[in-house]
Amino acid sequence: MGKRLWAHGACVLAAGLALAAGTVAVRAADDAKTCVKESGDVAIDACSRAISSKHYNGHVLARLYLSRGVERRSKEDYDSALADFADAVKIDKKYADAFFNRCSAYNFKKQYDAALTECSQAIKLGPSADATVAGGSERLGKDLALSDYYAERGFAYFSKDDYLHALPDLDNAIRLNPNNGRALKTRGLTYEAKGDSRAEADLASAKLLGE
């Protein structure tokens, strides 16, 4: 009788552990979804929980770090953002979006040489299939993502007064996405710095797009 009770108890314990494991997995999945789709502290906290859950590896884990880094960058916590992007790259060395976001963070920090290195690597690798709008699940598509890569590198060149290299990048960005307001504004400012009359049209278009 005692053995039967022990066996029954063992079954109950096993079932309880399985249920608990299932609950943890569900929570990790919910956190991962929130991490990618939401923004602000809600997203940062969800990303941190999903990363700490140890349920993810490879590109999926890299994307969690990337998403947390994007939110930290939006809060102007650039060093923490760069650390997250670095972790994303360590996990997935071909993750172009992580290199692009490192480029963006370095531009915010006015470290333009570092930005150029990161954006050049992003352009070389090409956008990942799951590149999305920051704080959302909307897919960008290859051309729109690559347009952003060129626009960010063009901004770094412009900030270094290297207009010779800035303009081809900005032209590429606008060719790939004619509605890239950041690229239009930077190209307009570049033309303005060169005394080129085309500045007015680009700056007007950028303003219509919210830049």
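A polar contact is a pair of N or O atoms within 3.5 Å; within protein, one must be able to donate a hydrogen and the other to accept it, and residues adjacent in sequence count only if both atoms are side-chain atoms. You'll need that in Exercise 1.

This is a predicted model, where local features need pLDDT of at least 70 and side-chain atom pairs count only at pLDDT 80 or more, while totals for chains, interfaces and linings use all residues. Residues are numbered from 1 along each chain, and side-chain values use heavy atoms, with hydrogens and water left out.

**Exercise 1. Describe helix 9 and its two ends.**

Step 1: find it. Helices are DSSP runs (H or I, at least four residues) numbered from the N terminus, and helix 9 covers residues 181–194.

Step 2: check its span. The expected value is 1.5 Å times one less than the number of residues. Helix 9 has 14 residues and reaches 20 Å from first C-alpha to last, close to the expected 20 Å.

Step 3: look at the ends. At the start, a side-chain oxygen of Asn180 comes to within 3.3 Å of the backbone nitrogen of Arg182. After the helix comes Gly195, with a positive phi near 75°.

**Exercise 2. Find which residues of helix 9 are buried, and what they pack against.**

Step 1: apply the cut-offs. Buried means under 20% relative accessible area, exposed over 50%, and partly exposed in between (1.4 Å probe, protein chains only). The buried residues of helix 9 include Leu184, Arg187 and Tyr191.

Step 2: list the partners. The buried residues pack against helix 7 (142–159), helix 8 (163–176) and helix 10 (199–208).

Step 3: try the cut-offs on helix 8. Asn172 lies in this helix, and its 21% relative accessibility makes Asn172 partly exposed.

**Exercise 3. Work out how helix 7 packs against helix 9 and against helix 5.**

Step 1: take helix 9. Axes are lines fitted to C-alpha atoms, for helices over the stretch in contact (heavy atoms within 4.5 Å). Helix 7 and helix 9 pack at about 25°, with axes 9 Å apart. The pair is therefore roughly parallel (angles under 35 degrees). Contacting residues include Phe155 of helix 7 and Thr186 of helix 9.

Step 2: take helix 5 (residues 96–108). Its axis comes within 10 Å of that of helix 7, crossing at roughly 30°. So helix 5 is roughly parallel to helix 7. Among the residues that meet are Phe100 in helix 5 and Tyr149 in helix 7.

Terms used:
Axes fitted to C-alpha atoms, helices over the stretch in contact; angles between N-to-C directions. Parallel < 35°, antiparallel > 145°, perpendicular 65-115°, else oblique.
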